Amino acid sequence: MFTRTSAATGAGSPEVTGFYDKDTGSIMYVAADPKTGKAALIDTVLDFDPQSARTRTDSAEEVLAFVRDRGLTVAWVLDTHPHADHMMASHWLKRQTGAPNGIGEKTREIAGLWRGIYNLPKAFDVEADFDRLFADGETFMLGDIEVRVMLSPGHTLGSVTYVMGDAAFVHDTFMHVDSGTTRADFPGGSSSELYDSLMAILTLPDDTRLFVGHDYPPVGDRSDPAWEATVAEHRAHNKHLGGGISRADYCALRDKRDATLTLPDRMLHALQVNLRAGQLPPPEDDGTSYFKIPANSF
């Protein structure tokens, strides 16, 4: 797996290692406090083969092997939102490490939206499946580093950004500088709300390292995946926002682009798993879990 580490820059700054999941274009992160050795696992993938409907834990195991090799202690298992393009390993990692898992509190509203789409009115007990449902502005500690939660809707109605010192995990808002920003056309999404979230992230200090959720190389002359750039770099050079753009122009650009995109191949499988913190649907009387896929709904 392609990995890269961004060193801590001083007191209160985390060391951040990204792991690139080629199958989904996702980046998984280990954010660690160098002083205490406490680590957060962010947006870790549960591997899934859409053709066979089979799950694996290879990617999550590789992340845990890195944590063990570095002598780190997992303090948090975090997700920024219920992902549409991959399944989350939150539940499995919680069982392996004993660390609490967390996500934004508006996941409750996302669950309500998808209960209707799946016609599962009693499904998705997010209070039971996640230990923490973080509110906008809430803070918690990763070792000696304070983590602040920013509500960052647009891609979903409840996505959150985790700000840790000079690092921010901005999920599906920005992509890398040369790729622009992420889509806003999923249920509950909004290009106008995404614009507000992007602008809010750009108010962070110029040297804040922004770690994005996805990359899809090759891009231009770049063949390797990339996921880190500063606020200043995005403000000046981001493909969709660099140099300043009005809300109306951004929404027109984003909506036109989104109209050309197909659904992620894992989306209808993934949401019914991720709204259970990465657990498969409850087994039926034969001991097998079954996915429920709505026909002609998208």
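In this predicted model, Arg209 stands opposite Thr230, a residue of strand β16. The strand β15, which covers residues 209-212, pairs with β16 in the antiparallel sense, and three bridges join the two. Both strands belong to an open sheet of six strands, and the chain as a whole has eight helices and 16 strands.

**The six-stranded sheet**

- Strands of a sheet pair through backbone hydrogen bonds, and this pairing may be either parallel or antiparallel.
- The order of the strands in this open sheet is β11-β12-β13-β14-β15-β16, and the pairing among them is mixed.
- The edges are taken by β11 (139-142) and β16 (228-230), each of which has a single partner strand, so one side of each is left without a neighbour in the sheet.
- On average, and with direction ignored, neighbouring strands of this sheet are turned by 30° against each other.

**Helices α1 and α2**

- Two packed helices are described by the angle between their axes together with the distance between the axes.
- Helix α1, made of residues 58-69, packs against helix α2, made of residues 90-97, at an angle of about 40°, and their axes lie 11 Å apart.
- The two helices α1 and α2 are therefore oblique to each other, and their crossing is right-handed.
- On the α1 side the meeting residues are Ala60, Glu61 and Leu64, while α2 brings Trp92, Leu93, Gln96 and Thr97.
- Sorted by class, this contact of α1 with α2 has four nonpolar residues, two polar residues and one charged residue.

**Helices α5 and α7**

- Helix α5 (residues 191-201) and helix α7 (residues 247-258) pack with their axes 9 Å apart, at an angle of about 120°.
- This angle makes α5 oblique to α7, and the crossing of α5 and α7 is right-handed.
- From α5, the residues that make the contact are Ser191, Ser192, Leu194, Tyr195, Asp196 and Leu198, and from α7 they are Arg247, Tyr250, Cys251, Arg254 and Asp255.
- The residues in this contact of α5 with α7 divide into five nonpolar, two polar and four charged.

**The chain as a whole**

- With its eight helices and 16 strands, the chain has a radius of gyration of 18 Å, which is close to the 19 Å that the globule rule gives for 298 residues, so the chain is as compact as a globular protein of that length.
- The C-alpha trace of the chain spans about 55 × 45 × 35 Å along its principal axes.

Terms used
Residues numbered from 1 in each chain as written. Predicted model: local features only at pLDDT ≥ 70, side-chain atom pairs only at ≥ 80, totals over all residues. Heavy atoms only, no water. Axes fitted to C-alpha atoms, helices over the stretch in contact; angles between N-to-C directions. Helix = DSSP H or I, 4+ residues; strand = E, 2+ residues; numbered from the N terminus. Parallel < 35°, antiparallel > 145°, perpendicular 65-115°, else oblique. Left-handed = near helix turned anticlockwise from the far one by under 90°. Contact = heavy atoms within 4.5 Å. Nonpolar A, V, L, I, M, F, W, Y, C, P; charged D, E, K, R; others polar. Pairing = 2+ DSSP bridges. Rg over C-alpha atoms; globule rule 2.2 N^0.38 Å.
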